Amino acid sequence: MAKILINKKNLFYNFELISKKATNKEKVAVVLKDNAYGHGLVEIAKLANEFGIKKAVVRTIEDAKKIEDYFPYILVLADTTFHNYSHTFHIAINSLEDINKVPQNANVHLKIDTGMHRNGISINDIEMAFLGLLKQKANITGVFTHHRGADTLSTDFFWQNENFAKAKTKVKEVCEKLSLPLPQFHSCNSAALFRQENFTEDFARVGIATYGYLDNDGVFDFPKLKPVMSLWAQKLATRKIRKGQSIGYGGKFTANEDMIISTYDIGYGDGFLRLNENDNYTTPKGFKILGRVSMDNLSINSDEKEVCIFDDVTTLAKIHKTITYEITCSLKESIKKEILV
């Protein structure tokens, strides 16, 4: 059976670098949305708790419920149903329309649109939002935004920082006017955190860096992180093929000599994105994936019982012309996870 190994030492190494950059563990919120970027929601939550991380970020209240024993502080980014809502959670408010759905005494974080133009309210609507949330008897515990290009060399990063600074000033004015305590402010994702010279916000939401990657233009002096996930497959069958024989759908790989090949139990049905005859991929041990990846299996020039398909998805991301996030997030939640100590 195919499996994912989670390297605890690598994860803790990444957490150490992240915590140092954020000044301490208390200022790190580990992002666990979408099954912890494919690494396993509960598995990574347990390890983050063991390391000493106190804050987590998830997509839904359902996911928050699964890990509430591991974190005293959980921010829910994209759920307005409030099903199984717990008053220990902090719910993101992404629009003025969300405000009317907030239950009494809920902890909320108000998202500000500083230029991404995806979610969040206008800076000009901050006072209106605060008044609406107070009418709902909500506790405004946070105000935040999201960067659209912290990982690219452009002025967007500085422009959004300036916009968020304006939002902070407006929030402080409204809080003083309404006699409210200041909420926590946060804007940094992984790339934004490592671009800061002196991190001063209340915490950073760290996603992809947790898992060992920092996609960027290659011009930033980001630290070298360690990938946490490796994907392994088990042998289903071995055969000898003759020179001139072809393998798999379309017969797109043809042997130029007699060779031993084996079929392994991973495919695009498991979320390992489909390779075709134009994409040559070599495993960490030097084996080649031959021809097209099938739904439930693939062929490799190996007869080993177990093969590591990848321990770093950077090459696969380049092959698929995408980002590392998509490769790891595509893997199905049903794949068994094991912790490598």
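Q: How many salt bridges does the count come to here?

A: Start with the general idea. Side chains of opposite charge can pair when their charged atoms come close. This is a predicted model. In it, the count comes to 13 salt bridges.

Q: Which residue forms a salt bridge with Lys33, and how far apart are the closest N and O atoms?

A: The partner is Asp34. The closest N and O atoms of the pair are 3.9 Å apart. The cut-off is 4 Å, so this pair counts.

Q: Are Lys33 and Asp34 buried, partly exposed or exposed?

A: Read the relative accessibility. Buried means under 20%, and exposed means over 50%. Lys33 has 27%, so Lys33 counts as partly exposed. Asp34 has 31% and also counts as partly exposed.

Q: Which side chain does Lys177 meet in a salt bridge?

A: Lys177 meets Glu127, with 2.7 Å from N to O. Now place the two residues on the chain. Lys177 sits in helix 6 (residues 156-178), and Glu127 sits in helix 5 (residues 126-135). They are 50 residues apart, and the pair links distant parts of the chain.

Q: Where in the chain are Asp258 and Arg242?

A: Look at the loops. Asp258 lies in the loop between strand 12 (253-254) and strand 13 (259-264). Arg242 lies in the loop between strand 10 (229-241) and strand 11 (246-247). The two residues are 16 apart in the chain. Their side chains meet in a salt bridge of 3.4 Å, N to O. Asp258 is partly exposed at 40%. Arg242, at 46%, counts as partly exposed.

Q: Which residues touch the most other members of the largest nonpolar core?

A: A nonpolar core is built from buried residues joined through their side chains. The largest one holds 104 residues. Leu32, Phe71, Phe272, Ile309 and Phe310 touch the most other members.

Q: What is Ile309 in contact with, leaving aside its neighbours within four places in sequence?

A: The contacts of Ile309 include Leu231, Trp232, Ala233, Ile266 and Phe272. Tyr281, Thr283, Pro284, Ile289, Leu298 and Ile300 are also among them. A second, separate core has six residues, including Ile241, Ile247, Ala255 and Ile261.

Terms used: Residues are numbered from 1 along each chain as its sequence is written. This is a predicted model: local features need pLDDT of at least 70, side-chain atom pairs count only at pLDDT 80 or more; totals for chains, interfaces and linings use all residues. Side-chain values use heavy atoms; hydrogens and water are left out. Buried means under 20% relative accessible area, exposed over 50%, partly exposed in between (1.4 Å probe, protein chains only). Helices (H or I, at least four residues) and strands (E, at least two) are DSSP runs, numbered from the N terminus. A nonpolar core is a set of buried Ala, Val, Leu, Ile, Met, Phe, Trp, Tyr and Cys residues joined through side-chain atoms within 4.5 Å. Contact means heavy atoms within 4.5 Å.
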